[in-house]
Amino acid sequence: MNKDFCWWKHGVIYHVYPQSFYDTNDDGIGDLQGIIQKLDYLANLGVDALWLSPIYPSPLVDAGYDITDYKNINSIYGDMNDFMQLLKAAHKKGIRIIMDLVLNHTSDQHPWFKESRSSIDNPKRDWYIWQAPKNKKAPNNWRTNFGKKAWQYDAATGEYYYHSFFYEQPDLNWRNPEVKEAMFEIAEFWLKLGIDGFRLDVINLLYKDKKLRDNSISNLFSNKKKVFNRNRGSVYKVLREFRVLLDKYADKVSVGEIYAVPPGDTKLASSFLGSGNDMLHLAFDFSLIFTRWKATFYYKTIRRIYSKMPKEGWPCFFLSNHDVGRSTKRFGLTFFKYQKAKLHALLLLTLKGTPFIYYGDEIGMENASITKDQIRDLYGKLFYPLFKGRDGFRTPMQWNSNTNAGFSNAKLWLPVHPNYYSINVEAATNNENSVYSVYKQLLQLRKTHKALQSGNIKFLHEGKNNVLAYQRFLPSEKLLIFLNFSFLQKQLSINTEGLEQIFSTHPQFNSIAGGKIVLKPYQGVVFAESLIVRPHT
Ligand code: NOJ
């Protein structure tokens, strides 16, 4: 392999939600064998790596982000043999595997926590954050990320423990060196098995204020800044150490989820990249997700992301995930939603930065509406009807138009979106005008045009006329990308000499006309610019 190729910078990462990918053992839940069976599909799409949401043993109070055994596989997905089979088969096809690692908290059913809560002087007591009541109340005013009180009183020992999420997910005490040691050992366990990296869950939450000071505002549903229960200096220190550990193995990646309140704090997200070489490799910044559909707004968000990057840092982008929903929902009720999905794909796959694709986005899957009795996400159960939870964007992958969208033969853990009759992989792969076809072509284009992988980026303007325009370039190659965010046709006066249209979301349409560039509503185009080679004198 070309030694300049850095897979986690230049490749495309596909986020698999294992419960909903493909069921092979007829229990209505996806499994590892299901992912193995669909590797051909993924290889054919052209992705370079899979990020698997957690597959460890878990009571699934928070869909597996509540782990009881970090060195094993949840039996609903298979076992260690299945995992090794998946790893091997994926590697054989050139697809890497990224595990989701939850370092901030465990399940309350984890043996560590069971021990910890058993008595005040148990050796594992200090592995979690325990506090005696203060004036017969919780030690401070911290709230969970789901809006509830974050301290749970445990009658057995008369103290409170802290949990950033559900009370079934007690936070670990990272100020105890044994915790770090245990977690690093777990990371090494997976690295030695040959996995390719980690997605680090809510990584900025690891350390809390030593003095447990009150947050200034911490109301139910408040979106005000939370200061003392996250982003402590020690997180940076531990990420440096984690990087040293990863760097002992070749070619590994860490991508950290930065859980900012309010969401989308670009400066905060990039701060966890350190110099770009000494902390996280990549950090999820949620600001693009919260950007309104308008070229000028996208321009501002993307520029800000680039401007906050450390010199050696590398950005990454995503449009959807299992917490924030599918990007199609942000297009509103529009006749043009698939056009917009294609335009979005073009943006994701041509920006400078590693693209993450959420399973199903490549066929234009949408958020489903889930009835009260179908809710699986505890978040939805607790806050219904104000918030119906995250199930609507975790529904089974739509493979074909057969029963259950071809995902399973059994009663499903979550219903499929009713649009699976028309929106499914089989239909999409047979239709050259589908959203899928755009994803696939762009993944190909990235492989043949290195400027899209590693080239620099330069914006042509600030999104004027509701068109986003930028260049991706290397010394050997220059590409021009135009994205029309508007429902109106646009005409751009640009020197079209030497431009060759190499991709369009509207392939039947030649965008170069009469020395101008013409863009249909929501059209995106990529041009290659011929480089004038000056003879040596
Ligand atoms: C972030 C995960 O993405 C989300 O699904 C989970 O609920 C929380 N972390 C808690 O682990």
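Which residue's side chain does a polar contact of 2.6 Å join to that of S408? In this predicted model, local features need pLDDT of at least 70 and side-chain atom pairs pLDDT 80 or more, whereas totals for chains, interfaces and linings use all residues. Residues are numbered from 1 along each chain as its sequence is written, and side-chain values use heavy atoms, without hydrogens and water.

The partner of S408 is D23 (polar contact: a pair of N or O atoms within 3.5 Å; within protein, one able to donate a hydrogen and the other to accept it, with residues adjacent in sequence counting only if both atoms are side-chain atoms). S408 is situated in the loop between helix 11 (378–383) and helix 12 (425–429); helices are DSSP runs of H or I with at least four residues, and strands are runs of E with at least two, numbered from the N terminus. The relative accessible area of S408 is 4%, so this residue is buried (under 20%, 1.4 Å probe, protein chains only). Beyond its neighbours within four places in sequence, S408 is in contact with D23, G28 and T403 (heavy atoms within 4.5 Å).

The ligand is surrounded by 13 residues, the closest being D62, H105, D201, H322 and D323 (a heavy atom within 4 Å). Oxygen atoms of the ligand lie 2.5 Å from a side-chain N or O atom of D62, 2.8 Å from a polar side-chain atom of H322 and 3.0 Å from a side-chain N or O atom of R390. Of the 300 Å² of accessible area that the ligand has on its own, the protein covers 99% (Shrake-Rupley method, 1.4 Å probe).

Terms used:
Buried < 20%, exposed > 50% of the residue type's maximum accessible area, 1.4 Å probe, protein only.
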